[in-house]
Amino acid sequence: MKHNIFLYTALLACLSCSTKQKVTVEYKDYRPLNMSSFITLQKNILLDTPTEEKRTIEDFLHIGRLLFAQDKLYVMDDRGNKILMFDDEGKFLKSIGGAAGEVSGNRLKIQDAALDAQSQKLYAYCSTTCQIMVFDLDLNVEKTIPMVTPFLEIGLDGNCLYAIRTSLKRDGCELVVFDKNRLEDAPSVLWKQTGIPYGKQTPGETFILPGKSLSPSEDGTYASLPQSNRICQIRNGKITATYNLDFGGQAPQSASYNIYNICASDSFLIFNTDSSKSWFILNRKTGKCIVDENLRNDVCLGQNSRLIPVQGKDNGLAYDMPAVAVSQTLQHLKKHKEEFEQFGQMKLYRPYLPFLEKDIAPQDNPMLYLWEIR
């Protein structure tokens with residue numbers, strides 16, 4: 001009883017100190033919005049095909065997260081339940097998890113991962129063994145911590161480890177916070193959303209979510225829970241800001257939306273929902289949020305409506321393109337290069353030029369587009 005009172009008190013304290021903002025979503029269907037008005041292209045990375053297995057593009061369609069540290073890129077592969085490590089140019093180095101990885105005889109299925117910027121460690125949650133695993137940046141396991149309840153997502157911010165899980169009464173889902181250095185202790189509940197439980201919670205029963213609802217960022221961690229219409233900013237274990245979104249009566253009519261893949265800067269929050277195949281762009285200074293079905297990429301060719309959360313790059317945002325689409329673009333560029341140069345149309349093709357002489361086969365892993373949110 002005392003423990004429940006403590007959690008309830010902590011929840012009230014966190015909510016009372018946060019700022020709340022109501023945001024109305026505006027649906028644009030006239031002049032297209034240019035991507036260059038709020039993001040800047042930083043880099044393209046063509047990922048190698050992992051050498052230890054035969055993989056096709058169909059096997060690598062769902063990148064959950066990108067984590068950057070010490071000139072290395074870690075890809076959270078939700079389909080394969082593993083972490084793939086590349087150098088910053090896309091050369092494959094190593095992987096952990098999936099059907100091949102084993103620790104103490106148990107198969108590793110990595111449900112989620114987060115970067116600890118303080119200690120330069122990688123924290124991963126393994127669903128088959130219901131434990132947090134701490135790796136160095138070469139993906140060597142340093143320690144494992146058994147957890148009492150299974151998680152769906154994790155995130156790190158300073159000394160806080162956040163997790164999304166089904167509530168203990170199984171009447172909804174909740175966002176909890178642990179002391180990173182005392183993961184064996186019971187967590188505090190920051191936010192609970194009643195309703196449909198957030199997926200399977202039996203250890204070993206992993207599945208692919210539409211996106212990530214917990215996104216560590218430069219200025220804290222952003223989170224949303226299913227059917228909540230709310231985004232919370234969390235810092236040092238407390239909710240510091242809340243954005244309550246009013247999606248109006250746009251089709252499909254729904255009182256609640258699921259918000260995923262939140263990418264943040266001081267000026268914008270950009271995210272996906274299950275209601276639209278487009279980006280939602282929330283201007284944090286004006287409090288306005290728009291979704292533009294005609295979003296126009298005026299910086300380079302190629303666009304994916306599904307965002308990928310990025311940790312380890314300030315104001316980071318990413319999406320991926322299938323290698324077959326990139327290959328077709330390069331063939332088109334080679335054929336018409338002189339014509340494009342003559343009419344000054346090379347601007348949109350510049351991101352592809354470093355790959356012009358490479359043989360990009362359709363079965364290769366995707367091209368990553370890395371952006372900085374303004």
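The model is predicted, so local features need pLDDT of at least 70 and side-chain atom pairs count only at pLDDT 80 or more, while totals for chains, interfaces and linings use all residues. Residues are numbered from 1 along each chain as its sequence is written, and side-chain values use heavy atoms, with hydrogens and water left out.

**Exercise 1.** Work out which residue stands opposite Val23 in β20, and which stands opposite Val25 in β24.

*Solution.* Start with the terms: strands are DSSP runs of E, at least two residues long, numbered from the N terminus, and two of them pair if DSSP finds at least two bridges between them. Next, take β1 (residues 19-28) and β20 (residues 238-246): they pair in the parallel sense over six bridges. There, Val23 faces Leu245. Then turn to β24 (residues 288-292), which runs parallel to β1 and is joined to it by four bridges. Here Val25 sits opposite Cys289.

**Exercise 2.** Decide whether Cys232 and Cys263 are buried or exposed, and count the disulfides.

*Solution.* Buried means under 20% relative accessible area, exposed over 50%, and partly exposed in between (1.4 Å probe, protein chains only). Cys232 has 2% relative accessibility, so it's buried. Cys263, at 1%, is buried too. Finally, a disulfide needs a pair of cysteine sulfur atoms within 2.5 Å, and the structure holds zero.
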